[in-house]
Amino acid sequence: MSSSFVVAMDSSLTPPEFSGLASATTLGTNSIYLAWDSAVDDETPSEAITYNVYLATQEGEQNYDLPYESIVGSVEMTLAGLDSRTNYFIVVRAQDEDGSEESNTIGQQALTLTSYSVNVQPTLNNRCFSCHSSFGNNYGVDVSNYNNLMNSNIVVPFDASSSELSTKGNHHSSGWYNSTEQSTIDTWINEGALEN
Ligand code: HEC
């Protein structure tokens with residue numbers, strides 16, 4: 001009686017080789033652009049490799065069971081639908097046609113832009129609107145919406161320290177920004193005071 005064994009590598013279990021996410025660039029309040037170099041697999045052609053994108057708002061907290069988005073055969077993508085003024089930690093992993101995914105933890109970080117409507121206007125409503133709206137004597141300052149604010153000439157785009165919206169925010173005891181609000185206002189101005 002004789003027996004023989006053949007031990008072979010099952011190449012379908014070998015995941016692609018991938019250098020991970022190369023860059024993450026903020027595009028706007030809700031979007032980030034990602035780019036990477038193509039992964040290489042022993043069986044799956046590059047146009048059939050899937051890239052899974054994992055997001056976290058704390059470093060190292062990605063849930064690798066749940067990709068935010070996936071794309072096949074690309075070396076770039078734009079993430080949309082993100083939250084404004086949020087720091088994202090992003091990892092991309094490559095997966096071959098057999099479902100074998102490599103496990104890099106190379107992270108890139110990107111902070112979405114601060115949004116006027118989401119992050120700034122609510123603070124102005126709380127802190128300033130009672131004395132600086134479209135009604136009554138508003139002392140030449142109207143924070144009720146973006147156009148009225150910009151027409152009040154208290155915002156110098158890209159220059160918070162020259163903007164009265166920032167520097168005069170504390171002129172009245174009931175109108176004080178807390179430190180989070182102050183940095184939100186300043187960031188929004190320094191990013192260009194966009195109607196975003
Ligand atoms: C309780 C009322 C009140 C609140 C709240 C208030 N202000 Fe005023 N604000 C005034 C009055 C009164 C004046 C005019 C007299 C003065 O300059 O102090 C004024 C004037 C200003 C001016 C014009 C200053 C100048 O020299 O022309 C700016 C800018 C301003 N406020 C910004 C703000 C901002 C930003 C907020 C919110 C963080 C705010 N204010 C909250 C009452 C208020």
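Biologist: Among contacts in the protein between residues at least 6 apart in sequence, what percentage join residues at least 24 apart?

Modeller: Two residues count as in contact when their C-beta atoms, placed from the backbone, lie within 7 Å. In this predicted model, 61% of the contacts between residues at least 6 apart join residues at least 24 apart. As the model is predicted, local features need pLDDT of at least 70 and side-chain atom pairs count only at pLDDT 80 or more, while totals for chains, interfaces and linings use all residues. Residues are numbered from 1 along each chain as its sequence is written.

Biologist: How many helices and strands does the protein have, and in which pattern?

Modeller: Helices (H or I, at least four residues) and strands (E, at least two) are DSSP runs, numbered from the N terminus. Here there are four helices and seven strands, and along the sequence they read β-β-β-β-β-β-β-α-α-α-α.

Biologist: What is the radius of gyration of the protein, and what would a compact globule of 196 residues have?

Modeller: The radius is taken over C-alpha atoms, and the globule rule is 2.2 Å times the number of residues to the power 0.38. A compact globule of 196 residues would be near 16 Å, but the protein has 25 Å. Along the principal axes, its C-alpha atoms fill a box of roughly 105 × 25 × 25 Å.

Biologist: In what order do the three strands of the open sheet lie?

Modeller: Two strands pair if DSSP finds at least two bridges between them. The order is S1-S2-S5, with antiparallel pairing. Strands S1 (21–26) and S5 (76–79) are the edges, each pairing on one side only. A hairpin joins S1 to S2 through five residues, and five bridges link the two. Ala-24 has Leu-34 in S2 as its bridge partner, and Thr-25 stands opposite Tyr-33 in S2. S2 and S5 pair over four bridges; Ala-35 stands opposite Glu-76 in S5.

Biologist: Why is Trp-36 classed as buried?

Modeller: Trp-36 is buried because 21 other C-beta atoms lie within 10 Å. Leaving aside neighbours within four places in sequence, Trp-36 is in contact with Gly-20, Leu-21, Ala-22, Val-75 and Val-92.

Biologist: Which residues touch the most other members of the largest nonpolar core?

Modeller: A nonpolar core is a set of buried Ala, Val, Leu, Ile, Met, Phe, Trp, Tyr and Cys residues joined through C-beta atoms within 7 Å. Of the 18 residues in the largest one, Leu-21, Ala-24, Ile-32, Leu-34, Val-53, Ile-90 and Val-92 touch the most other members. S1, S2, S3 (50–56) and S6 (87–95) each supply at least two residues, and the largest share, five residues, comes from S6. A second, separate core of 14 residues includes Tyr-116, Val-120, Ala-160 and Trp-188.

Biologist: Which residues of helix H1 are buried?

Modeller: In H1 (residues 116–127) they are Tyr-116, Asn-119, Val-120, Thr-123, Leu-124 and Arg-127. What covers them includes helices H2 (146–151) and H4 (179–190).

Note on methods: Buried ≥ 20, exposed ≤ 12 C-beta atoms within 10 Å, placed from the backbone.
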